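Here is a friendly briefing to read alongside the sequence and the 3D view. Take a look at the structure, then follow the topics below.

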Amino acid sequence: MAVRPIRIMGDPVLHAPASPVEDVTDEIRSLVADMFETMDAAPGVGLAAPQVGVPLRIFTYSYEDDEGLPWRGVIINPDLWMLPTVPGDPDPDEESEGCLSFPGERFALRRSERVRVTGRDLESRAVSLDVDGWRARILQHEFDHLDGVLYIDRLDAGDARIVQKIARKRGWGRPGSSWMPGVDDLDA
């Protein structure tokens, strides 16, 4: 297992749809192990394969609920169904999220409150998750990565301008930008 560099907005692999996984091979198992290690080192609650430069439809997730119970797994070739999003402006205190591919920032984004994600695990067994709240947000966020969408692409015009200003200031928004969890200090 190894921590891999995380691609930053502007890298082409983040902005194109990922390809389905044909077979779960030792190479895929190794990738998933690296994704868990990278996600934990970042730290993050989810990580999609394109974020580590691999254009495949795989994501990992890890979240501890209010009772301290762990929720952790991998989904290969996921499908997503969701309830319609409630209209209105997102609450910045309750609906802000961040992204390891736009590190160090958080913006409010309205998401569906309930989703179902189906797919396969590393043993090619069927997986089906019916979740709400933060778990639903995590799954929607990671699923978006597999379609070449970053959460910052979904922000309103005002926040989108702020994103572009931050990206220019930090030299992001171009191919090849990445950071290494545990090595790079992104707060500088």
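How many aromatic pairs does the rule for rings give? The count comes to three aromatic pairs, where rings of Phe, Tyr and Trp (its six-membered ring) pair if their centres lie within 6.5 Å. This is a predicted model, in which local features need pLDDT of at least 70, side-chain atom pairs count only at pLDDT 80 or more, and totals for chains, interfaces and linings use all residues. Residues are numbered from 1 along each chain as its sequence is written, and side-chain values use heavy atoms, with hydrogens and water left out.

**Rings and charges**

- Tyr61 and Trp71 form a tilted aromatic pair, 4.4 Å centre to centre with 40 degrees between the planes; planes under 30 degrees apart count as stacked, over 60 as edge-to-face and the rest as tilted.
- This pair links distant parts of the chain, with Tyr61 in strand S3 and Trp71 in strand S4, ten residues apart. Helices (H or I, at least four residues) and strands (E, at least two) are DSSP runs, numbered from the N terminus.
- Tyr61 counts as buried because its relative accessible area is 5%, and Trp71 is buried too, with 10%. Buried means under 20% relative accessible area, exposed over 50%, and partly exposed in between (1.4 Å probe, protein chains only).
- Ring pairs link Phe59, Tyr61 and Trp71 into a cluster.
- The charged end of Arg57 sits over the ring of Phe143, 5.5 Å from its centre. For this, NZ of Lys or CZ of Arg must be within 6 Å of the ring centre and within 35 degrees of the ring normal.
- Arg137 lies over the face of Trp134, at 5.1 Å from the ring centre.

**The sheet**

- Five strands make an open sheet in the order S2-S3-S4-S7-S8, with antiparallel pairing. Two strands pair if DSSP finds at least two bridges between them.
- Strand S2 (46-48) and strand S8 (126-132) are the edge strands, each pairing on one side only.
- S2 and strand S3 (residues 58-64) run antiparallel and are joined by three bridges; in S3, Phe59 is the bridge partner of Ala48.
- Five bridges join S4 to S7, and Trp81 has Arg116 in S7 as its bridge partner.
- S7 and S8 pair in the antiparallel sense over seven bridges. In their hairpin, which has five residues between the strands, Ser124 takes a positive phi near 65 degrees.

**The nonpolar cores**

- The largest nonpolar core has 36 residues, of which Met9, Ile28, Ile58, Phe102 and Ile152 touch the most other members. Such a core is a set of buried Ala, Val, Leu, Ile, Met, Phe, Trp, Tyr and Cys residues joined through side-chain atoms within 4.5 Å.
- Helix H1 (26-41), strand S4 (70-82), strand S6 (102-108) and helix H3 (157-170) each give two or more residues to this core, and H1 gives the most, with six.
- Which residues does Ile152 touch, leaving aside its neighbours within four places in sequence? Ile152 is in contact (heavy atoms within 4.5 Å) with Met9, Phe102 and Val163.
- A second, separate core of 15 residues includes Val127, Leu129, Ile138 and Leu146.

**A spot in helix H1**

- Leaving aside neighbours within four places in sequence, the contacts of Thr38 include Ala2, Val3, Leu47 and Pro181.
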